[in-house]
Amino acid sequence: MNKVLQRLLVFFIGIPVVLAIVYIDVQKHLPLNLLIMVVSLLGADELYRIFSSKSELEPKPFVLFLTAIVPVSTYVFVITGQPVYYTDYTFLLSAMLIMGFEVISRKVFEQSIQRISSSVFIVFYCGYLLTYLTKLTQFHNSVFFVCSFLFTVFICDSFAWFFGVLFGKNNKGFIKVSPNKSLAGFIGGYFGAILSSLVPQLIRSDIFYGDLWKGCLIGVLIATSGIIGDLVESAFKRSAGCKDSGKIIPGRGGVLDSIDSIVFSAPVYYCLVFFLYLPAA
């Protein structure tokens with residue numbers, strides 16, 4: 001029951017705080033982007049610890065520095081009006097630096113594949129994927145786009161947990177990577193995501209314009225990507241033999257345990273906004 005109370009406190013206090021930070025639209029959402037940078041760095045630290053339990057990596061300060069550089073550069077591109085696809089170049093440069101460091105600094109290379117691939121993946125997962133949140137801030141009406149996205153992800157996750165607790169006792173175990181996930185939880189997640197993605201369309205039709213199928217599509221795709229993101233992180237932890245990525249978030253675990261759905265869903269939502277609502281942005 002203590003864990004349930006902690007999750008409820010995070011939901012009723014943490015989520016409004018995050019959404020309030022989004023509403024502070026100063027210098028292209030500087031507070032939000034500072035939060036993204038901190039979360040990216042903390043997430044990279046947790047993922048480094050998970051990966052290093054099974055394989056060698058490049059030096060931790062080096063990997064964390066390259067991870068942090070990616071969201072920092074994206075914010076610089078946004079605030080200076082540069083094309084946000086320059087972020088791709090930052091990530092490519094980071095990956096190339098990791099490979100260059102490996103071949104220059106090492107004397108034996110039996111673990112080169114593991115060191116390079118795991119280190120590059122940390123930069124990609126904790127650095128690059130989160131930049132799609134920053135990329136949303138380049139649009140006019142960015143407050144509504146970012147809030148709508150985070151609201152949908154939070155409600156999807158909360159409904160999945162709530163439905164799982166109430167109705168998931170006898171329908172667990174069909175997803176082997178996360179046996180505690182239930183069919184009822186997945187259904188609840190989709191229901192919550194579709195419902196929450198329709199709300200912005202109903203109250204701000206000038207921004208989220210068009211037929212309701214757009215909101216439904218967003219809900220389905222955000223739920224799908226969010227669920228996959230959650231399961232992928234479960235695979236990381238199962239491979240490393242750990243229950244949580246950390247203990248920083250009460251009732252949830254580590255930073256990665258809290259952002260796994262956001263990490264996977266942010267690129268999906270960015271593409272949906274770009275193709276469905278960009279003329280209004």
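Reply: Elements first: helices are DSSP runs of H or I with at least four residues, strands are E runs of at least two, and numbering starts at the N terminus. The model is predicted.

Me: Fine. What order do the elements run in from the N terminus?

Reply: The order is α-α-α-α-α-α-α-α-α-α. That makes 10 helices and zero strands in the protein chain.

Me: What does the radius of gyration say about a compact globule?

Reply: The protein chain has 19 Å, which agrees with a compact globule, because 281 residues would give a value near 19 Å. Along the principal axes, the C-alpha atoms fill a box of roughly 60 × 50 × 30 Å.

Me: How much of the chain is buried?

Reply: Buried residues are 48% of the 281. The accessible surface is about 13,600 Å², and carbon and sulfur atoms own 71% of that.

Me: And among contacts between residues at least 6 apart, what share join residues at least 24 apart?

Reply: 73% of them do.

Me: Now the helix pair. How do α2 and α5 cross?

Reply: Their axes come within 9 Å and cross at roughly 145 degrees, with α2 covering residues 30-52 and α5 residues 112-128. The crossing is right-handed.

Me: Which residues meet there?

Reply: From α2, Ser40, Gly43, Ala44, Leu47, Tyr48 and Phe51. They meet Ser118, Phe121, Ile122, Tyr125, Cys126 and Gly127 of α5.

Me: How many of those are charged, polar or nonpolar?

Reply: The contact of α2 with α5 has no charged residues, four polar and eight nonpolar.

Definitions and conventions: Residues are numbered from 1 along each chain as its sequence is written. This is a predicted model: local features need pLDDT of at least 70, side-chain atom pairs count only at pLDDT 80 or more; totals for chains, interfaces and linings use all residues. Side-chain values use heavy atoms; hydrogens and water are left out. Axes are lines fitted to C-alpha atoms, for helices over the stretch in contact, and angles run from 0 to 180 degrees between N-to-C directions. A crossing is left-handed if the near helix is turned anticlockwise from the far one by less than a right angle, and right-handed if clockwise. Contact means heavy atoms within 4.5 Å. Ala, Val, Leu, Ile, Met, Phe, Trp, Tyr, Cys and Pro count as nonpolar, Asp, Glu, Lys and Arg as charged, and the others, Gly among them, as polar. The radius of gyration is taken over C-alpha atoms; the globule rule is 2.2 Å times the number of residues to the power 0.38. Buried means under 20% relative accessible area, exposed over 50%, partly exposed in between (1.4 Å probe, protein chains only). Accessible areas come from the Shrake-Rupley method with a 1.4 Å probe; for residues, only the protein chains shown count as cover.
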